[in-house]
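User: I would like to go through this structure with you. Could we start with the terms for surface exposure?

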Amino acid sequence: MVAQPFTVDLNKPLVFQVGHLGESYQEWVHQPIVSKEGPRFFANDILEFLTRTVWWVIPLIWLPVVCWLVYRSFQMGHTLPQIAVIVTFGIFVWTLLEYTLHRFLFHIKTKSYWGNTIHYLLHGCHHKHPMDGLRLVFPPAGTTILLVPFWNFAKLISTPSIAPALFGGSLLGYIIYDVTHYYLHHGQPSSEVPRNLKKYHMNHHFRIQNKGFGITSSVWDKAFGTLPPSKAVAAGAARSR
């Protein structure tokens, strides 16, 4: 007797279901459900609460940390122009990290139970429910854990006086990334630059999901050859098949 393929019940908590999809998980998770109503993740109310974050919590919590870090470098003798350069470099470092994480971690191919489950929590849920407004930014509890190795890395590659401002710049880059990401999904930009960025990101979700990994910029997609083709090029390629 042939076993029936597993079917996810969207009316039940999803996290511990998706692992059972096995190899079909990748296809399932990249078929988006466009609804502002987010799914239930966990049966446990505390765990469920920890997965939901309103966008303004990100700058509210992390901007004071950025200011404190920058002030620490100022206290240790760096001038404001020097700090501006260090912070700018930190933001630049973040843009590369943003691209790298999105391309190689968030879009890793999984098929095992726990691989699928962890991937869904990290990023798969966002592709399945791209308009879920309470799961568009990263929960502060998770960010706090990730900051530890990044802080140690900043200390490793710089001096004790530079590390705080460098780390603060990277953290500022993360804040810009997260609030930009929210805006691209729920904002209605009227000017050309944010409007094009929104189209660029929506293209990643709904048309070519294995390209266009930049959120705040397409610079690294251009540098590493993951820039999605234009609609005209894509349409021509489709007709030639």
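Analyst: A residue counts as buried under 20% relative accessible area, as exposed over 50%, and as partly exposed in between. Please note that this is a predicted model.

User: Is tryptophan 55 buried, partly exposed or exposed, then?

Analyst: Tryptophan 55 has 37% relative accessibility, so this residue counts as partly exposed.

User: Where does tryptophan 55 lie?

Analyst: Tryptophan 55 is in the loop between H3 and helix H4 (57-75).

User: Which residues make the nonpolar surface patch?

Analyst: Val54, Trp55, Trp56, Leu60, Ile61 and Leu134 make a nonpolar surface patch of about 530 Å².

User: Changing topic: how much space lies in the largest pocket?

Analyst: The largest pocket holds about 1000 Å³ of space. It is lined by 41 residues, of which Phe106, Phe138, Gly142, Thr143 and Leu146 are the closest to its centre.

User: One more residue: is lysine 222 buried or exposed?

Analyst: Lysine 222 counts as exposed, because its relative accessibility is 56%. This lysine is found in helix H10 (residues 219-224).

User: How far apart are lysine 222 and glycine 212?

Analyst: Lysine 222 and glycine 212 are 10 residues apart in sequence, and their C-alpha atoms are 9.1 Å apart in space.

Terms used. Residues are numbered from 1 along each chain as its sequence is written. This is a predicted model: local features need pLDDT of at least 70, side-chain atom pairs count only at pLDDT 80 or more; totals for chains, interfaces and linings use all residues. Side-chain values use heavy atoms; hydrogens and water are left out. On a 1 Å grid over the protein atoms alone, a cavity is a set of points where a 1.4 Å probe fits but cannot get out, and a pocket is an open set with protein on both sides within 12 Å along at least five of seven lines; lining residues have an atom within 4 Å of a point. Grid points are joined across faces, edges and corners, and a volume is the space filled by probe spheres set on the points. Patches are made of residues with over 30% relative accessible area and no salt bridge: like charges are joined within 9 Å, nonpolar side chains (Val, Leu, Ile, Met, Phe, Trp, Tyr) within 5 Å. Accessible areas come from the Shrake-Rupley method with a 1.4 Å probe; for residues, only the protein chains shown count as cover. A salt bridge is a side-chain nitrogen of Lys or Arg within 4 Å of a carboxyl oxygen of Asp or Glu. Helices (H or I, at least four residues) and strands (E, at least two) are DSSP runs, numbered from the N terminus. Buried means under 20% relative accessible area, exposed over 50%, partly exposed in between (1.4 Å probe, protein chains only).
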